[in-house]
Amino acid sequence: LIASTVSAASGPGRRPGTKHVLAFATLAAGVAAYAYNKNQKAVQRHMSKLTADSASRKADAAGKKKVVVDKVFFRKLRFLLKIVIPSLRSREFSLLCLHTSFLVARTFLSIYIAKLDGILVKAIVDQKGA
């Protein structure tokens with residue numbers, strides 16, 4: 001009788017302590033959302049300071065802004081690169097170089113395999129025609 005009362009109080013199919021885990025997960029998600037929102041606002045403030053110089057850009061006849069590579073663009077790029085690559089000896093920079101080298105190698109391998117496929121198809125077509 002006591003065991004059935006305890007299991008009924010905690011809900012069907014739930015283990016004791018599940019409420020605490022759910023409460024902690026909810027709290028952690030709330031803290032993460034707050035930190036993300038605060039960081040986004042700081043980045044937006046910084047980017048708006050960078051774009052204050054470009055407020056004088058004119059729109060073209062269609063009402064769209066023209067894409068301009070100027071001093072403001074390079075300031076924004078430098079700001080983003082400082083986040084992506086903290087230093088040349090950092091782990092992030094080495095992973096970025098490694099990833100880039102693998103992408104370049106994959107490109108050359110794809111071209112090589114495409115050439116081999118072309119040679120193979122040509123040989124098959126020539127053999128059928130003979």
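pLDDT is the predictor's confidence in each residue, from 0 to 100. This is a predicted model, where local features need pLDDT of at least 70 and side-chain atom pairs count only at pLDDT 80 or more, while totals for chains, interfaces and linings use all residues. Residues are numbered from 1 along each chain as its sequence is written, and side-chain values use heavy atoms, with hydrogens and water left out.

**Exercise 1. Find where confidence in the chain is lowest and where it is highest.**

Step 1: Go to the elements. Helices (H or I, at least four residues) and strands (E, at least two) are DSSP runs, numbered from the N terminus. The chain has four helices and zero strands, in the order α-α-α-α from the N terminus on.

Step 2: Compare them. Helix α1 (residues 2–10) has the lowest confidence, a mean of 48, and helix α4 (residues 91–129) the highest, at 93.

Step 3: Look at residues 1–8, where pLDDT stays under 50 and the model has zero contacts beyond four places in sequence; contact means heavy atoms within 4.5 Å. Where pLDDT is low, the predicted coordinates should not be read in detail.

**Exercise 2. Classify the one aromatic pair of the structure.**

Step 1: Recall the cut-offs: rings of Phe, Tyr and Trp (its six-membered ring) pair if their centres lie within 6.5 Å, and planes under 30 degrees apart count as stacked, over 60 as edge-to-face and the rest as tilted.

Step 2: Apply them to the structure's one aromatic pair. The ring centres of Phe73 and Phe74 are 5.4 Å apart and the planes stand at 70°, so this pair is edge-to-face.

**Exercise 3. Which residues does Ile85 touch, not counting residues up to four places away in sequence?**

Step 1: Place the residues. Ile85 sits in the loop between α3 and α4, whereas Leu96 belongs to helix α4.

Step 2: List the partners: with residues up to four places away in sequence not counted, Ile85 touches Phe93 and Leu96.

Step 3: Ile85 and Leu96 are 11 residues apart along the chain, and their C-alpha atoms are separated by 8.7 Å.

Step 4: With a relative accessible area of 37%, Leu96 is partly exposed, a class between buried (under 20%) and exposed (over 50%), using a 1.4 Å probe and protein chains only.
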